Amino acid sequence: MSELRSWTQIPIGGYITEPQNSVKNKTGSWRTQRPVIDQDACTRCRICWLYCPEPAILELNKPYVTKGGRKYNLTFEINYDYCKGCGICANECPVKAIKMVPEVV
Amino acid sequence: MGMASGQIKVGIRTIWDVPKEEYFGPGQLTCAGCGPSLAVRHILKAAGPDVIVVNATGCIEVTSTQYPYTAWGVPYIHVAFENAAAVASGIEAAIKALNRKGIANVKAKVIALAGDGGTYDIGMQALSGMLERGHGVLYVLYDNEAYMNTGIQRSGGTPRFAWTTTSPVGSRVRGKVQSKKDIMSIVIAHHIPYAATASIAYPIDLMNKVRRALEVLDEGPAFLHVFAPCPPGWRIDDSKTVEIARLAVETGVFPLFEWDHGRFRLNPPSNMHVDKSKRKPLINYLKPQGRFAHLKEEEIKAMETEVDSYWDYLTRLLKAFG
């Protein structure tokens, strides 16, 4: 939470003038399990990205070469700042490349 | 004949056509695994930035607009529970008037967004008025089948036998006594250009329906009924939201169809399901859900009879208007 503004600093009508400023809520702190993507098993099908409700899966133009020598131009990574750990990605992954691992402090 | 009798124009063919842009979240306070949150993300991806969202009170409203934050990347207004359709009507009429008088040149489309409580029950009168007056607004109902953010109270959208805090389970009362209201038939009875059902488990179908709905707004209202499971309310694991939504379609509980200019069409995979043997057994859908955990065999049978009779109704619609 940012510091609360006084009434003189609030826009007329209480409008929120900054779109999507909810990014300041780091909802990742809610998580009890974290999804971990096995980049070698991942086939870059985009399904986890499509079904993430937050969204907290990043589609990055980051080349990756698997242990088997397969070259990908895309990499999917979890954005742990916002991931609430629901596990939809792991449940929907067709090649089971995402594991849910307990969060330990 | 073009659009009126033909297939919908497919804008998004594969998963790679889904736009990368995000207009909702992250940082919204929806529960982990929230179905409605996913629905809104997909709807705005399909609609793009040139929309004005009018939201009824409900889960999405309380979780996306915790002052001083907003999860919305498009202009957004919330007024009250019952009047999303009335507010949307006003905005649409204002845009029309300003454009006509040359004061403004606004191309933005208006999307009203409400849950099952805000549509089936509290917002029904405003919705019916909006449809009757013919405002060019896309009304989206995200259906999680109860009042979830206030603590799981039954609504007109809650299915028969479902447990909620106001339809408790005992030896005599076995969850909700009444059946789910057939909202699609009510909406179609207003003879609007376009109405369709969609599911978060079939996002490409959902996004193409949003695009088609926005296309027809020059002629009148459009309506989308989006199925969006709620893990805490349905007593399912957070990770099962999409799986349960998919099972609802595969078992025939929530068929995907559209009503386009007086023509009725079942969409894949529901177009296979007129033949009951092609539907998965209803138990596959009920078993993982805690809200149906109390069901006895004869109650499951009663539910199955209800699903079958709805399919009988859809089949007759298909014969008459297909």
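Helices (H or I, at least four residues) and strands (E, at least two) are DSSP runs, numbered from the N terminus. With that in hand, let's look at chain A of this predicted model. Residues are numbered from 1 along each chain as its sequence is written, and chains are lettered from A in the order in which they are written. Local features here need pLDDT of at least 70, while totals for chains and interfaces use all residues.

Chain A has six strands and two helices, which follow one another along the sequence as β-α-β-β-β-β-α-β. Its radius of gyration, taken over C-alpha atoms, is 18 Å, well over the 13 Å that the globule rule (2.2 Å times the number of residues to the power 0.38) gives for 105 residues, so chain A is more spread out than a compact globule. Along the principal axes, the C-alpha atoms of chain A fill a box of roughly 60 × 30 × 20 Å.

Now see where the two chains meet. Two residues are in contact if their C-beta atoms, placed from the backbone, lie within 7 Å. Chain A gives 28 residues to the contact and chain B gives 30 residues. On the side of chain B that touches chain A, the elements giving two or more residues are α1 (35-47) and α9 (241-250) of chain B.

Let's stay with α1(B). Its axis and that of helix α7 (residues 203-215) of chain B, both lines fitted to C-alpha atoms over the stretch in contact, come within 9 Å and cross at roughly 50°, an angle between N-to-C directions on a scale from 0 to 180 degrees. Among the residues that meet there are B:H42 and B:I43 in α1(B), and B:L206 and B:M207 in α7(B).

Terms used
This is a predicted model: local features need pLDDT of at least 70, side-chain atom pairs count only at pLDDT 80 or more; totals for chains, interfaces and linings use all residues.
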